[in-house]
Amino acid sequence: MKNFKTNILSFVCALCAAVSFTSCLNDSNNESSWTPPSQAEKDMACIETSGMYEGRIYFQNESTSKKDSLSINYSVTDSTVVINNFPVSFLSNYVRDINAKAIVAKAPTTSLRLKMGLNVSPTKSGTNNYYQFYFFPEYKDMKYSFRITEDTENEVKHHEAALQFQTYIYVNGYPYYAAAAYLNKKMQANFCIKEIIIDGNTYAIDNVFGMAGKKGGFNEKQ
């Protein structure tokens, strides 16, 4: 299995796996051994992170065996992240079945929704607040369903597909968590994909992927 240890973020806080997700504006406090952020901190996090972002998703390119990336743009409103052009096709680098790989490679970009929830009180970096969030897909059981249309010489085929996300995943024995961080108009995040399902058949992905973005434009050197 090819894997890519993202150098964008690797959260090792077990809270990401053990504590249920709460929205930025949700003031419910579940019983736990940790002290959740205050409602005022949640509100401020939502205000500061809201906006339009440009950025990139990072993965391992099978043909070059090197780190690669694709452009994305996304919005953050309240606690909802919408990636307007999520590039499903890059997952073909991780699918071993030849026929399934060809189908995934033809997948169009799609709109993917995720939820953020502040999981600890913010800390200061200079005069700016540093926020850490849960970062989970906004779908039942974290399964995102969509359709891939395949144009062949003789016919048009429609494939029912789904991505199964996870709250955390182990890659080469190391735990990676579905989490995001924000500082000074920049956001970085990890998301974990267990598998892709095509026409009822399941193909393992078992990897973590990094994304990074900035309000108003993105430069990897920033």
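These legends accompany several close-up views of one predicted protein model.

Residues are numbered from 1 along each chain as its sequence is written, and side-chain values rest on heavy atoms, with hydrogens and water left out. Because the model is predicted, local features need a pLDDT of at least 70 and side-chain atom pairs count only at pLDDT 80 or more, while totals for chains, interfaces and linings use all residues.

**View 1. Confidence along the chain.** The protein averages a pLDDT of 84, and 82% of the residues score at least 70, where pLDDT is the predictor's confidence in each residue, from 0 to 100. Confidence is lowest in helix α1 (residues 15-18), at a mean of 34, and highest in strand β3 (residues 80-86), at 97; helices (H or I, at least four residues) and strands (E, at least two) are DSSP runs, numbered from the N terminus. Over residues 1-28 the pLDDT stays under 50, and for this stretch the model has 93 contacts beyond four places in sequence, a contact being heavy atoms within 4.5 Å. Where pLDDT is low, the predicted coordinates should not be read in detail.

**View 2. Strand β3 and its two partners.** Strand β3 is mostly covered, since 6 of its 7 residues are buried, and buried here means under 20% relative accessible area, exposed over 50%, and partly exposed in between (1.4 Å probe, protein chains only). Strands β2 and β3 run antiparallel and are joined by 4 bridges, two strands being paired if DSSP finds at least two bridges between them. Tyr74 has Ile83 in β3 as its bridge partner, and in the hairpin of β2 and β3, which has 2 residues between the strands, Asp78 takes a positive phi near 55°. A further 5 bridges join β3 to strand β4 (residues 110-118), again in an antiparallel arrangement, with Val82 standing opposite Arg113 in β4.

View 3. Ser75, found in strand β2 (residues 66-77), is buried, with a relative accessible area of 14%. Leaving aside neighbours within four places in sequence, Ser75 is in contact with Gly51, Met52, Thr80, Val81, Val82 and Asn84. Arg113, by contrast, is partly exposed, with a relative accessible area of 35%. Residues up to four places away in sequence not being counted, Arg113 touches Thr80, Val81, Val82, Pro137, Glu138 and Tyr139. The C-alpha atoms of Arg113 and Tyr74, which are 39 residues apart along the chain, are separated by 9.5 Å.

**View 4. The nonpolar cores.** Of the 48 residues in the largest nonpolar core, Tyr74, Ile83, Phe86, Ile196, Phe209 and Met211 touch the most other members; such a core is a set of buried Ala, Val, Leu, Ile, Met, Phe, Trp, Tyr and Cys residues joined through side-chain atoms within 4.5 Å. The largest share of this core, 6 residues, comes from strand β12 (residues 186-198). A second, separate core of 5 residues includes Ile169, Val171, Tyr176 and Cys192. In soluble globular proteins, nonpolar side chains tend to be buried together. Cys192 is buried at a relative accessible area of 1% and Cys46 at 5%, yet a search of the whole structure finds 0 disulfides, a disulfide being a pair of cysteine sulfur atoms within 2.5 Å.

**View 5. Aromatic rings around Phe86.** The structure holds 15 aromatic pairs, in which rings of Phe, Tyr and Trp (its six-membered ring) have centres within 6.5 Å, with planes under 30 degrees apart counted as stacked, over 60 as edge-to-face and the rest as tilted. The rings of Phe86 and Phe191 have their centres 5.8 Å apart and their planes at 65°, so this pair is edge-to-face. The pair links distant parts of the chain, with Phe86 in strand β3 and Phe191 in strand β12, 105 residues apart. Phe86 is buried at a relative accessible area of 0%, and Phe191 is buried at 3%. One aromatic cluster is formed by Phe59, Phe86, Phe90, Tyr94, Phe165, Phe191 and Phe209.

**View 6. Thr49 in helix α2.** Thr49 is found in helix α2 (residues 39-49) and, at 0% relative accessibility, counts as buried. Apart from neighbours within four places in sequence, Thr49 is in contact with Val76, Asp78, Met116, Phe133, Tyr182, Met187 and Lys215.
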